[in-house]
Amino acid sequence: MTTTAASEGALVSIPHLLARNVSAFGDKPAYREKEFGIWQSWTWREAEAEIRAIALGLLELGVEKGDFIAIIGRNRPAMYWSMVAAQMCGAVPVPLYQDAVAEEMAYVLEHCGARFVIVGDQEQVDKVIEVQETVTGIDQIIYHDRRGMRKYDHTHMNALGDVQATGKAAHERFDKELDARWQSLGYDDTCVMLYTSGTTGRPKGVVLSNRNIIETSKNSAEFDNLLPGDEVLAYLPMAWVGDFIFSIGQAYWTGFCVNCPESAGTMMTDLREIGPSYYFAPPRIFETQLTNVMIRMEDASRFKKWLFHTFMAHAKEVGPKLLDGQSVSGMDKLKYALGNLFVYGPLKNTLGLSKVRVGYTAGEAIGPELFDFYRSLGINLKQLYGQTEASVFITQQKDGEVRSDTVGTPTPGVELKIADNGEVYYRSPGVFVEYFKNADSTTDTKDAEGWVATGDAGFIEPETGQLRIIDRAKDVGKMADGRLFAPKYVENKLKFFPNILEAVVFGADRAMCTAFINIDLTAVGNWAERNNIAYASYQELAGHPQVLATIQSHVEEVNESVAQDEMLSGCQIHRFLVLHKELDADDGEMTRTRKVRRRIVEEKFADLINALYDGSETVSTVTEVTYEDGRKGSIKATLELRDVKVLADQQQIAAE
Amino acid sequence: MKDMADGYITEDGRKIGGVMMEMKNITLRFGGVVAIKDISFDIREGEIRAIIGPNGAGKSSMLNVISGFYHPQEGEVWFHGKKRPSMKPYQVAQQGIARTFQNIALFEGMSVLDNVMTGRLTHMKTNMFQQAIWWGKAQAEETAQREKVEKIIDFLEIQHIRKTPVGRLPYGLKKRVELARALAAEPKLLLLDEPMAGMNVEEKEDMSRFILDVNDEFSTTIALIEHDMGVVMDLSDRVVVMDYGKKIGDGTPDEVRNNQDVIDAYLGVAHD
Amino acid sequence: MPDQFLFGVEVVLNGLMAGVLYALVALGFVLIFKASGIFNYAQGVMALFAALTLVGIMEGQVPFAHLINAIFGTEVHYFGWNVPALAAILLTMVLMIFFAWAVNHFVMRHLVNQEPIILFMATIGLAYFLEGVGDLMWGSEIKKLDVGLPQGASIWVEENTAFLGTDNFFGFFIDKLDMVAALVAAVLVIALVAFAQYTKQGRAMRAVADDHQAALSVGISLNFIWVLVWSLAGFVALVAGIMWGAKSGVQFSLSLIALKALPVLMLGGFTSIPGAIVGGLIIGVGEKLFEFTIGPMIGGATENWFAYVLALLFLVFRPQGLFGEKIIERV
Amino acid sequence: MFYREAGDFKTSYVDDSQTFPIAFDRYRYYFVLVVAFGIIPFIINDYWANAVMVPFLIYAIAAIGLNILTGYCGQVSLGTGGFMAVGGYACYKLMTAFPDVSIMIHLLLAGFITAGVGVLFGLPSLRIKGFYLAVATLAAQFFLVWMFNKVPWFYNYSASGQISAPERFVFGVPVTGPNVEAWAKYMVCLVFVTGCAWLARNLTRGTIGRSWMAIRDMDIAAEIIGVNPLKAKLTAFAVSSFFIGIAGALLFAVYLGAVEVGEAYGINKSFLVLFMIIIGGLGSIFGAFAGAAFMVLLPVLLKNVLVGGLGWDTALATHFEFVIVGALIIIFLIAEPHGLAQLWKLAKEKLRLWPFPH
């Protein structure tokens with residue numbers, strides 16, 4: 001009864017929430033994982049037992065209060081348990097990106113001084129062992145999957161299962177200690193430390209307190225009315241703050257169930273089997289799905305195509321209105337219901353989105369077409385705007401007030417202000433404590449009153465109160481003639497074409513804008529197959545004249561649209577090239593969350609940028625690449641540069 | 001390699017036990033054709049034993065003798081220190097010997113899961129009447145066996161094709177499913193008949209890793225036939241070389257590599 | 001010599017004659033099986049169909065008369081002419097060749113590479129189809145077939161064997177038709193063997209039987225060979241149909257002879273022409289002898305099943321048949 | 001199209017391996033059961049019972065039986081008619097010898113007796129394979145029919161050589177003899193069909209079923225991985241004959257009432273049931289039902305159209321039926337060797353993927 005007595009007021013840490021959940025809905029599923037062909041599941045009570053066993057084991061291994069415990073692996077219940085177990089011991093979990101190369105991992109492990117590393121499998125163990133050549137602070141490696149681990153030196157290594165077993169065996173010795181440790185956790189103690197991917201420079205360790213996480217989870221969960229019966233699929237990197245909020249913060253606050261897929265390869269099937277009611281995905285995933293839908297529909301019979309296009313057209317008109325609760329004529333409702341039977345329903349079903357009650361996308365601007373497609377199907381897809389430093393939530397869209405070009409109104413508890421230069425500032429209970437071992441950056445970002453600079457430029461629409469983001473504040477610049485330059489704005493417009501995967505626009509302090517383009521290998525490859533165009537590699541396809549012509553037409557379309565906006569009409573693209581390689585996180589060109597690192601790209605491809613501005617027809621270049629296994633190599637290419645039709649400035653036309 | 005009375009230690013430090021199976025003076029004839037001529041060799045606990053030789057050397061016939069499919073006219077098969085009486089193949093399987101086949105012999109009409117489940121037939125205990133009723137014993141057994149089979153499926157990383165009919169699978173995966181079926185039997189001795197035939201380099205690497213992992217994880221003794229010399233030399237602890245039905249070499253990969261008869265057989269005779 | 005024994009000898013002789021006819025049907029099976037691996041269950045129905053057609057043409061029947069009458073309400077039955085036997089046989093043969101082409105074109109071509117058992121079942125379907133078509137074309141009533149073959153017991157044989165009996169009054173009863181049949185069968189076998197040995201098509205046929213792929217690679221058209229063997233099988237069926245039809249009338253039971261040919265084949269092996277002959281003789285003699293000796297004790301009519309049970313028992317001990325080679329199984 | 005599978009996940013192997021893992025299929029199955037047990041008995045009349053429903057149910061049992069032997073275990077049999085005769089005559093002898101025992105028990109016992117006979121004739125299957133075996137099973141067909149015809153003990157020395165079913169009751173309702181009502185016949189057959197289908201499903205989903213299929217797909221490999229071929233084949237013969245025996249007994253006792261062996265259990269019955277499983281689908285219990293329905297309905301339909309509608313005479317219609325059945329067999333073997341069951345499965349797949357084509 002102690003836990004219930006502790007109720008509301010005392011829910012000051014994740015372990016406290018866990019105790020509350022066990023007593024409130026102990027027999028409801030807390031975790032599921034597809035393994036051995038079925039969904040293994042754990043109730044809150046069972047999960048608590050597992051977590052407790054890990055925590056006891058960690059104590060037995062000598063975990064001290066305030067230790068950092070790195071967690072590296074794909075989304076698995078055991079990994080989440082390890083995080084909570086670390087918290088129970090008074091230690092701080094530090095989840096890392098599992099696909100990080102050893103170098104990156106070394107920096108983070110060194111920086112936080114992790115004494116314990118809990119990893120998923122042999123692959124990560126190997127990386128950590130490699131890291132140990134330079135990083136000395138690691139006392140113990142604990143691995144979850146025993147496969148292939150038999151021959152390793154186990155003097156400082158344990159299987160998670162064994163840790164649990166010894167923990168259980170030693171519970172008489174440590175029960176008291178453990179209970180004392182987690183019960184003494186306070187609201188302002190550190191909950192988790194997450195490293196930001198950092199579009200520039202070294203990753204920074206963002207320290208988030210229990211208050212940050214729990215308040216934010218509470219506010220956002222109440223905002224969307226999340227319930228204990230909800231289901232989420234945990235498939236995004238555990239090191240990303242969003243996953244921490246969804247799969248631990250909100251999950252523990254509301255008590256909903258976290259489902260882990262069997263492997264990356266079966267993600268889509270697993271998604272369909274679970275049918276989550278609360279779903280988050282970056283625009284990229286929605287885009288891939290839509291591309292797949294369209295490709296598969298291409299092969300359908302004419303009748304099916306007709307059915308699909310007819311009803312989709314209708315859905316575009318009526319679907320969003322229905323979702324926003326606006327009035328729609330009876331005939332339209334009937335037609336929509338028919339469409340739901342024949343197209344939308346089955347489509348949502350095959351995509352695994354039938355049961356989505358609350359869906360979010362964020363991280364990048366989402367194309368209006370793309371956004372509307374999902375909403376018109378009746379999926380309540382919304383946008384949010386957030387940051388690691390804010391424990392995710394800054395603004396969210398309310399049900400019924402959803403638009404593709406804004407990111408919503410402030411999440412309850414968040415205050416916003418716009419600085420003179422257009423940069424967005426916020427203040428909230430979720431605002432981070434500090435950057436670990438980096439007081440300078442902390443003061444740079446967070447002022448004494450607790451206002452945090454987002455680094456994004458934007459404005460609040462006066463009539464709706466919705467926040468609209470234009471671009472990264474530091475990326476919004478001036479062109480040589482003083483006109484406004486907002487590369488992200490143009491890049492997003494380019495990326496809305498399915499054929500274009502990435503675009504990088506240049507033009508700051510220059511007379512005109514130019515662009516690098518990455519084609520989407522799935523979409524363009526499919527097109528090539530249909531047109532019997534043979535290609536051996538990305539590079540070859542990217543250089544194909546017909547592909548270039550298509551991209552050129554896309555760019556021209558974008559120019560037309562950009563020209564409409566008087567403030568930004570100077571951002572029309574005059575010349576572009578299609579890159580000979582895909583921008584890649586392994587090569588440092590993108591962050592692990594797949595945001596382009598503009599500076600690095602500019603440095604690395606300086607020769608190409610020069611060629612874009614010196615008017616040459618072609619350019620030859622050599623680029624270093626990193627292969628999946630970490631080996632380095634280089635590729636040579638000769639690229640064709642293309643001029644694009646640019647529309648005259650409307651103001652000028654008017655003036656003449 | 002240090003020789004010991006009841007075993008030896010391999011270069012990578014694995015302990016190899018005593019003799020598990022011994023073939024004594026095996027001779028096998030088909031009508032007038034002599035497929036195997038007076039061959040003797042042994043297979044020790046925990047070892048990876050390779051049988052190599054040019055096409056038509058009688059390697060597959062030897063495997064067929066071990067698995068009880070062919071009955072040699074002369075010679076004896078000793079298993080676990082006892083002379084094996086003449087047995088039907090399924091009785092040999094029940095003794096804990098499982099195998100894969102040179103030309104994939106999966107049950108094409110069944111799913112991957114069902115194929116692997118057949119591998120556990122020798123462990124199934126319920127009778128027909130219990131199965132006809134299903135509820136109770138049969139269902140409990142099915143679930144218990146499914147759990148074991150899922151471990152194998154996980155081990156060989158074929159989860160994504162679990163319910164696919166095997167007929168639809170590409171060649172490399174079929175080979176892996178066949179290995180899974182053999183492993184499901186939890187064999188003491190695993191016979192692999194050209195496990196890497198027709199595979200590309202990457203698939204061969206995968207398969208080699210699986211074979212080593214099997215030997216390591218389950219301490220399964222493995223006897224394999226393989227054409228790819230490189231693979232054989234990397235994988236195996238000891239190698240028997242056959243040519244025209246006769247044994248021309250037997251020893252560690254290094255010993256065999258330097259054996260003049262073996263070199264002659266491979267170089268002198270223009271087999272494939 | 002005791003009469004009982006002589007009766008026995010007569011039974012054997014009659015059995016031999018019946019066996020020749022079984023062998024004749026079995027021959028058709030062997031031809032198709034060797035060349036294409038198809039176990040043609042429809043062989044018996046082909047014999048029935050050929051005989052029906054022959055009678056129909058000779059008597060000038062209007063094909064599909066019943067169907068036409070049923071649809072158009074007419075009353076046509078006969079053209080009112082008679083076709084001479086030889087011409088009718090030729091016309092029938094033309095039809096059988098067309099049938100062979102149709103079978104290959106519409107059925108077998110689409111079943112290449114299927115399992116033997118599927119092909120077998122397809123020929124069962126073919127048998128049903130052909131039986132239906134035969135009945136629709138020519139009507140299902142029992143018909144007499146007379147192409148001028150000698151009928152009745154041979155007086156000559158009876159007189160010349162009379163001395164064997166105790167009172168010189170015995171005499172074997174042997175049907176003249178059976179003797180003709182035996183002769184025809186012998187000629188047919190020799191002709192077929194000669195065809196296979198000495199003609200280009202025959203050699204191609206044997207090549208296909210040995211190895212499809214190899215035959216293809218030397219430029220033999222499989223389609224042509226299959227039409228050829230089905231035509232040959234049609235020809236054999238026609239001959240068998242004439243013999244059986246002349247003996248016991250053209251009726252549905254004719255197609256049941258085909259079933260009799262199956263145990264013949266199981267004994268003789270599916271690929272051996274001599275096997276078919278020997279198997280036929282064994283079955284013919286065996287069933288007559290069994291019926292003669294054991295039959296009366298157990299209720300008679302043992303011919304219905306004797307052949308099958310014999311073949312079954314035989315196969316259990318020698319699965320590859322009399323002339324087949326021992327199969328070495330490989331994995 | 002109508003499938004909504006998102007969120008339908010399995011947390012145990014029992015759930016994962018249930019007969020209808022998809023909820024929509026499960027509901028449809030319950031619906032069929034409700035209609036079959038709760039509605040049809042109240043509306044069925046003599047014509048529908050005798051022309052369609054009762055033969056359909058009886059042949060479905062036989063087809064399930066043959067499908068186990070041929071479709072699951074790969075042993076082709078042309079002896080179905082003969083085994084049905086064993087069931088029929090066993091039932092007759094039991095009914096007359098033990099009039100006080102329930103007919104339901106007699107029907108079951110008839111199944112067991114047939115199973116025994118089936119095992120006996122299955123023994124050669126150890127040595128004989130493929131169509132050699134098919135032909136060998138003809139021995140059973142001809143021998144058994146001959147035996148029931150020639151040995152008077154089997155027909156209780158009746159003058160006509162026929163057997164006819166005496167009146168028997170279940171829960172006081174006559175189910176055999178001259179006073180049976182349509183619904184009673186129907187219900188008896190339905191109960192047996194349901195039971196048999198359930199048993200067949202259980203047997204085919206587990207160990208025995210897998211060893212049958214292993215023998216079917218590759219007998220040598222099956223033996224090497226540990227399938228005892230003797231056991232697998234003989235159990236297949238036994239189970240198959242059990243079902244076929246029950247079907248034969250029902251055919252005699254409930255459906256026909258009086259039987260002359262050559263007519264009711266002749267070689268044509270063997271082919272009829274074989275065609276049912278080819279058209280329905282080898283190796284599928286649903287296929288047995290589909291095939292039985294098809295082969296029972298086709299003549300009824302043809303008769304209604306040709307004789308009833310166009311006024312042809314019955315003989316002509318029968319010949320036409322032969323042509324159509326023959327052609328259908330060939331068409332099915334060419335176009336869809338796995339029969340209606342496969343078409344059904346493909347249609348289901350399509351609906352599940354709707355609106356996508358693949």
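Modeller: Two strands count as paired if DSSP finds at least two bridges between them. Strands themselves are DSSP runs of E with at least two residues, while helices are runs of H or I with at least four, and both are numbered from the N terminus.

Some ground rules before we start. Residues are counted from 1 along each chain as its sequence is written, and chains get letters from A, ligands numbers from 1, in the order they are written. This is a predicted model, where local features need pLDDT of at least 70, side-chain atom pairs count only at pLDDT 80 or more, and totals for chains, interfaces and linings use all residues, with side-chain values based on heavy atoms and leaving out hydrogens and water.

Let's take strand 6 of chain B, residues 48–52. On one side you find I48(B), A50(B) and I52(B), and on the other R49(B) and I51(B). Five of its five residues are buried, so strand 6 is largely enclosed by the rest of the structure. Buried here is under 20% relative accessible area, exposed is over 50%, and partly exposed is in between, using a 1.4 Å probe and protein chains only.

Who are its partners? Strand 6 of chain B runs parallel to strand 11 (residues 221–225) of chain B, with four bridges, and I48(B) sits opposite I222(B) in strand 11. Strand 12 (residues 238–243) of chain B also pairs with strand 6 in the parallel sense over four bridges; there, A50(B) faces V239(B).

Now zoom out within chain B. W134(B) sits in the loop between helix 4 (128–133) and helix 5 (137–155). Its phi is near 70°, which is positive although the residue isn't glycine, and at 4% relative accessibility W134(B) counts as buried. E157(B), in the loop between helix 5 and helix 6 (171–184) of chain B, has a positive phi too, near 55°, but E157(B) is partly exposed, with a relative accessible area of 33%. For context, most residues other than glycine have a negative phi, and most peptide bonds are trans.

Last, what does chain B do with chain C? Their contact (heavy atoms within 4.5 Å) takes six residues from chain B and four from chain C. About 490 Å² is buried between these two chains, 66% of it from carbon and sulfur atoms; buried area is the accessible area (1.4 Å probe) that two parts lose on being put together, summed over both. Of the five pairs of chains that touch, C and D have the most contacts.
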